[in-house]
Amino acid sequence: MGRDRDPFDRALEALRQRVSQSIVPQGAPLAVNLLAAELGVSSTPVREALARLAGEGLVIRTSSGYATLTWDRGDLAALYGLAGLL
């Protein structure tokens with residue numbers, strides 16, 4: 001079997017799916033080494049994927065790494081209002 005040539009894309013898609021489907025609880029820290037072990041990749045593609053997701057506004061950068069977003073009632077009301085307009 002050949003070497004995995006696209007660990008970044010694989011990590012990005014897996015993390016995007018976990019975050020978008022709320023598999024990870026709101027405000028939960030995203031441990032790079034744990035995620036890398038779960039995904040079977042090194043920590044570098046996981047860090048790069050988390051940085052991309054932070055740029056897309058799907059996760060946040062914290063002083064200790066990355067975490068999922070926390071939604072309050074106002075945020076959710078705005079999202080439902082936008083969905084109603086669409």
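This section describes the overall architecture of the chain, the packing of its helices, its nonpolar core and the setting of selected residues.

The model is a predicted one. Four helices and three strands make up the secondary structure of the chain, and these elements follow the order α-β-α-α-β-β-α from the N terminus. Taken along the principal axes, the C-alpha atoms occupy a box of roughly 50 × 30 × 20 Å. Of the 86 residues in the chain, 29% are buried. Among contacts in the chain with a separation of 6 or more, 57% join residues 24 or more positions apart.

Two packed helices are described by the angle between their axes and the distance between the axes. For H1 and H3, the angle is about 50° and the axes are 8 Å apart. The two helices are therefore oblique to each other, and their crossing is right-handed. On the H1 side, the contact is formed by Pro7, Phe8, Ala11, Leu12, Leu15 and Arg16; on the H3 side, Pro45, Val46, Glu48, Ala49, Leu50, Arg52 and Leu53 take part. By class, this contact of H1 with H3 comprises 10 nonpolar, no polar and three charged residues.

Helix H2 (residues 32–39) packs against helix H3 (residues 43–55) at an angle of about 115°, the axes being 8 Å apart. Because of this angle, H2 is roughly perpendicular to H3. The crossing in which H2 passes H3 is right-handed. In this contact, Val32, Asn33, Leu35, Ala36 and Leu39 of H2 meet Ser43, Val46, Arg47 and Leu50 of H3. The residues of the contact of H2 with H3 divide into six nonpolar, two polar and one charged.

The axes of H1 and H2 cross at roughly 110° and come within 11 Å, which means that H1 is roughly perpendicular to H2. Here Arg10, Ala11, Ala14, Leu15 and Arg18 of H1 meet Leu35, Glu38 and Leu39 of H2. Five nonpolar, no polar and three charged residues form this contact of H1 with H2.

In soluble globular proteins, nonpolar side chains tend to be buried together. The largest nonpolar core of the model contains 20 residues, of which Leu15, Leu30, Leu39, Val46 and Leu50 touch the most other members. Helices H1 (7–20), H2 and H3 are the elements that give two or more residues to this core. The most, six residues, come from H1. Apart from neighbours within four places in sequence, Leu15 is in contact with Leu35, Leu39, Val46, Ala49, Leu50 and Leu53.

Ser43 lies in helix H3 and counts as buried because its relative accessibility, 19%, falls under the 20% limit. When residues up to four places away in sequence are not counted, Ser43 touches Val32, Asn33 and Ala36. Asn33, located in helix H2, has a relative accessible area of 57% and is therefore exposed. Across 39 residues of the chain, the C-alpha atoms of Asn33 and Asp72 are separated by 29 Å.

Arg47 is also part of the contact between H2 and H3 and is found in helix H3. With a relative accessibility of 42%, Arg47 counts as partly exposed.

Asp75 is placed in helix H4 (residues 73–85). At 31% relative accessibility, Asp75 counts as partly exposed. Between Asp75 and Leu86, which are 11 residues apart in sequence, the C-alpha to C-alpha distance is 17 Å.

Definitions and conventions
Residues numbered from 1 in each chain as written. Predicted model: local features only at pLDDT ≥ 70, side-chain atom pairs only at ≥ 80, totals over all residues. Heavy atoms only, no water. Axes fitted to C-alpha atoms, helices over the stretch in contact; angles between N-to-C directions. Parallel < 35°, antiparallel > 145°, perpendicular 65-115°, else oblique. Left-handed = near helix turned anticlockwise from the far one by under 90°. Contact = heavy atoms within 4.5 Å. Nonpolar A, V, L, I, M, F, W, Y, C, P; charged D, E, K, R; others polar. Core = buried A, V, L, I, M, F, W, Y, C linked by side-chain atoms within 4.5 Å. Buried < 20%, exposed > 50% of the residue type's maximum accessible area, 1.4 Å probe, protein only.
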